Amino acid sequence: LKYDLLIKKGLVVDPSQGLNQVGDIAFADGKVAAVGSLSDGDAAEVIDATGLIVTPGLLDLHVHVFPGVSHFGVDADHSNIGKGVTTAVDAGSAGALTFPFFRKHIIEPADTRLYSLLNISSTGMISPNIGELEDLRLADVEAAIAAGRANRDLIVGIKARLSRSTAGENDVAALERALEAADALGVFVMIHVGGTKSPMEKLVNMLRPGDVVTHSYHGNDYGILDDAGRVIDGIKEAQQRGVIFDVGHGAGSFSFDVAEKALSRGFNPGNISSDIHIYNIEGPVFDQVTTISKFMWLGMSLEDVVRLTTESTAKIIDADGLGTLKVGSVGDATILRRDEGKFIMTDSVGRSVTANEKLAHVRTIRSGRVYRP
Amino acid sequence: LYDMLIRGGTVIDPSQGIDAVQDVAITDGKVAAVEASINVNLAKEVIEAKDMIVTPGLIDMHVHAYPGVCCYGLEPDVTNIARGVTTAMDCGSAGARTFPAFRQHFIERAETRLYALLNISTMGIISSKIGELDDMRWADVEETAEAGRTNRDVVLGVKVRLSGDVVAMDDKLDALKRGIEAAESFGGIVMIHVGDKETPLETLTTHLRPGDVVTHAFRQWGGVASAHRDVVAELREARARGIIFDVGHGAGSCSFDTIETALANEFQPDTISSDVSTISVEGPVFDLVTTMSKFLHYGMELDDVVRCTTEAPAQVMGLGEDLGTLRPGTNGDVTVLSLDEGEFTFTDAEGKTTRAGQKLNPVSTIKGGRLYRPWLR
């Protein structure tokens, strides 16, 4: 048989190819083998996706999956591949000193394709009570570079959490060190903002094109909006010069009000991620599919939200062959259903909205195989 | 029919006062009999131990077995069961915050029987450069007590590292008090790691309770004695009160000069442990049997050295009913050792070397009645 798996008659939404039409997708040898109108007889397994949406395997740029060492951590597969996310990037749960264990015991055994942003703090995120950058000696550039070099296959960037609760007064100094380590490794920096000592504009000005701001639509001090609800000029300029503004919903970092105002002024996210962790997996985040559904409620098209969790994310982490269903690329796909009804969705500051449609995860295909835990 | 018979070795089991050629039979994972002669036809598997020493499975009361999170951590089986140690206690590599992954990925999976002391610092020992008690907010009594209660089956107490590189001078007693408070809440022991010139050991032992442990007690300074200081009366009183003086050799915590003074003062260790870690496994520590051999070389009786790694640590850990003994009905953990003769060079943590004529080496290890055979797994 030509194909291991054939997904028939789904609405294929693949922004990387401009696809948004009903069609068939076949997989062979772990890769996408064909897209178009294909014959059942050529495949070992056929899935009928009539009425369903088929996308490239979803990517989540911001998760926490180091349970037992990082207090934020949730089980990697349950929260990702089990919910339609084939590739997830842990955003700084581990630092240089704790990465070896993370790699061996979490990343390597996981069914989800995991990458990591190394925390510039060499301990990573251990305690909710004590910030990992309060003591700047932990922001060890040399240790981060050494760990990054030794694990360049998995470490795609450097994370710096710059809120007062994590960095105290050290936001600028910590970011300088993160940038130094990232420069040496040739990777991007993701900064976590909200409640920082410095205005966001000042921190964002330090970033390079390709660097990422997560929690962009937070409702705390020093956000993207001015007092009149307009996007601050310096923030807009940063986006124009290639700094990526990511969602990173989280338990305290996404406000519908902020997002409504920003989107109404054309300030769309450059990426949608969930920041799924132990304090939000039972709500308000639940999963990445719920997070992208919130942006549909905000008025974005299905195609746009899919792009921001497939093609865009793959480009940020420079992962060739992911986030696309081009023939020959990695055989990851997600099957979704667009449900209609009344769905209550809540942001991180307690505002609930009622949406009349919501995406639901149906099935995950990783490397050409249906994920059946 | 016995499952296993270990035949013809010199059995040294201080818990029963045995030091004689005996056979040891094991059935259903437990010691079934220790007798002068047991019929080989009664056993499914026979291990010949002629000219060997047969002891209860050795216990190393001070190891670091959390590699990848703790900077000192080593793979538990390579350094323990493969080297004759059937039971090991990790001493504070993990704190309350990092314990769950340690439990799941190491304690529950290791072939070695692993127990742990929780570090009073909730992050445990991660960095070799920044002490885990540098910022005393990490010394969280409530979180430690909670983790201890939740994991009481494997957590035996609390570790407090009190040397100057780990905690500020002014915070030492506070850290120790927090360790004791946390340990008391779940009925665990406290082990203190000592070692700096400014803190005489007797100023710390007064705060300990009977059953609490001082590790690194035979270090160059800050221990029970030194080349220039005899064992003081306060430390003898502490011992009389039930404070345990443990070796914890490690990369920086065992001095031949101190051993000589202490043994001349008739102050032997209560327990012998290795503190084997990333910075000592390739020397000078290597393993527990090498550490035992050093004390043998400086004049301790073999029976005493074996007691310090079997019955004594089992009692300190509260496991004397099942471990560290060959009493029939207890866990079938047995270590077969050879006492090799030749010329052996031993090095202490200060770089001093000595030539010995004997050395213990592990030959085979039986845990729960099964011969440890990693090559057949």
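In this predicted model, chain A and chain B bury an area of about 1800 Å² between them, and carbon and sulfur atoms give 63% of that area. The contact involves 23 residues of chain A and 24 residues of chain B. On the side of the interface, 4 salt bridges are found between the two chains. One of these joins the side chains of B:Glu75 and A:Lys104, with an N to O distance of 3.1 Å. The residues of chain A that touch chain B comprise 11 nonpolar, 7 polar and 5 charged. Polar contact across the interface of chain A and chain B is found for 7 residue pairs, with both residues at pLDDT 80 or more.

**The parallel sheets**

Chain B holds an open sheet of 7 strands, ordered β6-β7-β8-β9-β10-β11-β12, and the pairing is parallel. The edge strands of this sheet are β6 (58–63) and β12 (244–245) of chain B, each of which pairs on one side only. Within the sheet, strand β7 (residues 85–95) and strand β8 (residues 113–119) of chain B are joined in the parallel sense by 6 bridges. B:Asp90 has B:Ala116, in β8(B), as its bridge partner.

Chain A also has an open sheet of 7 strands, in the order β6-β7-β8-β9-β10-β11-β12, with parallel pairing. At its edges stand β6 (58–63) and β12 (244–245) of chain A; each has a single partner strand, so one side of each is left without a neighbour in the sheet. Strand β9 (residues 155–161) and strand β10 (residues 188–192) of chain A run parallel and are joined by 5 bridges. There A:Arg161 is paired with A:His192 of β10(A) as its bridge partner.

Strands of a sheet pair through backbone hydrogen bonds, in either the parallel or the antiparallel sense. Both senses occur around β5(B). Strand β1 (residues 2–13) and strand β5 (residues 53–56) of chain B pair in the parallel sense over 2 bridges, whereas β5(B) and strand β13 (residues 334–347) of chain B run antiparallel and are joined by 4 bridges.

Helix α4 (residues 172–186) lies across β9 (155–161) and β10 (189–193) of chain B, and its direction makes an angle of about 175° with β9(B). Helix α8 (residues 288–297) lies across β6 and β7 of chain B, at about 100° to β6(B).

**Backbone geometry**

Most residues other than glycine have a negative phi, and most peptide bonds are trans. The table lists departures from this pattern in the two chains.

| Site | Feature | Angle |
|---|---|---|
| A:Gly283 to A:Pro284 | cis peptide bond | omega near 5° |
| B:Gly283 to B:Pro284 | cis peptide bond | omega near 5° |
| A:Tyr222 | positive phi | phi near 60° |

A:Pro284 is placed in the loop between α8 (256–264) and α9 (288–297) of chain A. In chain B, B:Pro284 is in the loop between α7 (256–264) and α8. A:Tyr222, a residue other than glycine with a positive phi, belongs to the loop between β11 (212–214) and α7 (233–240) of chain A.

Definitions and conventions: Residues numbered from 1 in each chain as written. Chains lettered and ligands numbered in written order. Predicted model: local features only at pLDDT ≥ 70, side-chain atom pairs only at ≥ 80, totals over all residues. Heavy atoms only, no water. Pairing = 2+ DSSP bridges. Contact = heavy atoms within 4.5 Å. Axes fitted to C-alpha atoms, helices over the stretch in contact; angles between N-to-C directions. Buried area = accessible area lost by both parts, 1.4 Å probe. Polar contact = N/O pair within 3.5 Å; in protein donor to acceptor, adjacent residues only side chain to side chain. Nonpolar A, V, L, I, M, F, W, Y, C, P; charged D, E, K, R; others polar.
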